[in-house]
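Let's take a walk through this structure together, one piece at a time. Keep the sequence and the 3D view open as you read.

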Amino acid sequence: MTSGRELTRAELLAALRRADHILLGEQHDNPHHHQRRGALIVELGAGTVVVAEQMPRGARVAAGADLRTRLEAAGFDAKAWGWPLYQPLFGPLLAAGVPLLGGNAPTALARQIARDGPSAWPAELRERLDAVPLSADAQAALDRDLLDGHCGHLSAARLPAMRAAQRARDASMALALQASGGRPAVLVAGNGHVRTDLGVALLLRALPGRPQVLCVGFGEPGWSTAGAPYTHLWI
């Protein structure tokens, strides 16, 4: 937590239930993060709606028997997301009747933006992103994340377009949370998307009424808590 104080699970749940939007991060390949978040979201109780980075905005996972089949029908790419890594997250949510919606920009659109840059932003995303530009420090932090995520193989020439694609994903997920009708509305996404300084939270907090947004980064043993860009950090 930004105060440096360790919270009990009950204290964290109480804080989350007071929020309008809850952003839960992840290391994509860490199964413990998925299991912990699934259990936590189920505990939040009635009214909770979940928006997932792993499916496109506008999709909703339907009722049915086979979990993977239902997810894939909603646009989940099982191979790309390393199925069954996400079973401990999505399985308990759907078993508990929690609505599960997609939030990401469609893959084809994200690829186009990664090629062409901000000129490829659709109007609704452009309106949101132009209204909340990144500060110089936030842009530098995002660029570092992108470079780290590509293991140093992302060229300087491609960086602006890749930054535009990442911001488009953030805007798409922010719009999906707004439209979800949930309270709390919960986003499950990579840690980079749930940062307080440059991700989805930045876009949500600029909305009229200043909704309360809590951002929980999910880390691993050895992570430094100093200066972590989240309201809460789960190790």
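R195 makes a handy example, since its relative accessibility of 12% counts as buried.

Before going further, know that you are looking at a predicted model, where local features need pLDDT of at least 70, side-chain atom pairs count only at pLDDT 80 or more, and totals for chains, interfaces and linings use all residues. Residues are numbered from 1 along each chain as its sequence is written, and side-chain values use heavy atoms, with hydrogens and water left out.

Let's begin with the sheet. Helices (H or I, at least four residues) and strands (E, at least two) are DSSP runs, numbered from the N terminus, and two strands pair if DSSP finds at least two bridges between them. Here, six strands line up as β3-β2-β4-β1-β5-β6 in an open sheet with parallel pairing. At the edges sit β3 (100-104) and β6 (232-234), each of which pairs on one side only. Going from one strand to the next, the twist averages 25°. As for what holds such an arrangement together, strands of a sheet pair through backbone hydrogen bonds, either parallel or antiparallel.

Now zoom in on β1. On one side, β1 pairs with β4 in the parallel sense over four bridges, and I22 has V186 as its bridge partner in β4. β1 also pairs with β5, again parallel and over four bridges; there, H21 stands opposite V213. Which way do the side chains of β1 point? H21 and L23 go one way while I22 and L24 go the other, and all are buried.

Moving along to β5 (residues 213-218), you find it paired with β6 in the parallel sense over three bridges. One of the links to look for is V216, whose bridge partner in β6 is H232.

Take α4 (residues 87-95): it lies across β2 (49-56), β3 and β4 (185-188), and runs at about 140° to β2. That angle is taken between N-to-C directions on a scale from 0 to 180 degrees, with axes as lines fitted to C-alpha atoms, for helices over the stretch in contact. Contact itself means heavy atoms within 4.5 Å.

Next, the charged pairs. A salt bridge is a side-chain nitrogen of Lys or Arg within 4 Å of a carboxyl oxygen of Asp or Glu, and the whole structure has nine of them. In one, the side chains of E26 and R37 meet at 2.7 Å, N to O. E26 is in the loop between β1 (21-24) and α2 (31-44) and R37 is in helix α2, so this pair ties together parts that are eleven residues apart in sequence. Both E26 and R37 are buried.

Another salt bridge joins D143 and R163, at 2.9 Å, N to O. Because D143 belongs to helix α7 (residues 136-149) and R163 to helix α8 (residues 159-179), the pair ties together parts that are 20 residues apart in sequence. Their C-alpha atoms are separated by 6.9 Å. D143 counts as buried at 12% relative accessibility, and R163 does too at 15%. Leaving aside residues up to four places away in sequence, R163 touches Q139, L142, D143 and L146.

R195, our opening example, forms a salt bridge with D197 (2.8 Å, N to O). D197 counts as partly exposed at 28% relative accessibility. Salt bridges that share partners join D145, R195 and D197 into one network.

Finally, where is the empty space? Rolling a probe the size of a water molecule over the atoms shows where it is left. The largest pocket holds about 1200 Å³ of space. Here a pocket is an open set of points on a 1 Å grid over the protein atoms alone, where a 1.4 Å probe fits, with protein on both sides within 12 Å along at least five of seven lines; lining residues have an atom within 4 Å of a point. Grid points are joined across faces, edges and corners, and the volume is the space filled by probe spheres set on the points. Of the 38 lining residues, H28, E53, W81, Q166 and H193 are the closest to the centre of the largest pocket. α7 gives the most to this lining, with five residues. Not counting residues up to four places away in sequence, Q166 touches L142, L146 and H193.

Methods:
Buried < 20%, exposed > 50% of the residue type's maximum accessible area, 1.4 Å probe, protein only.
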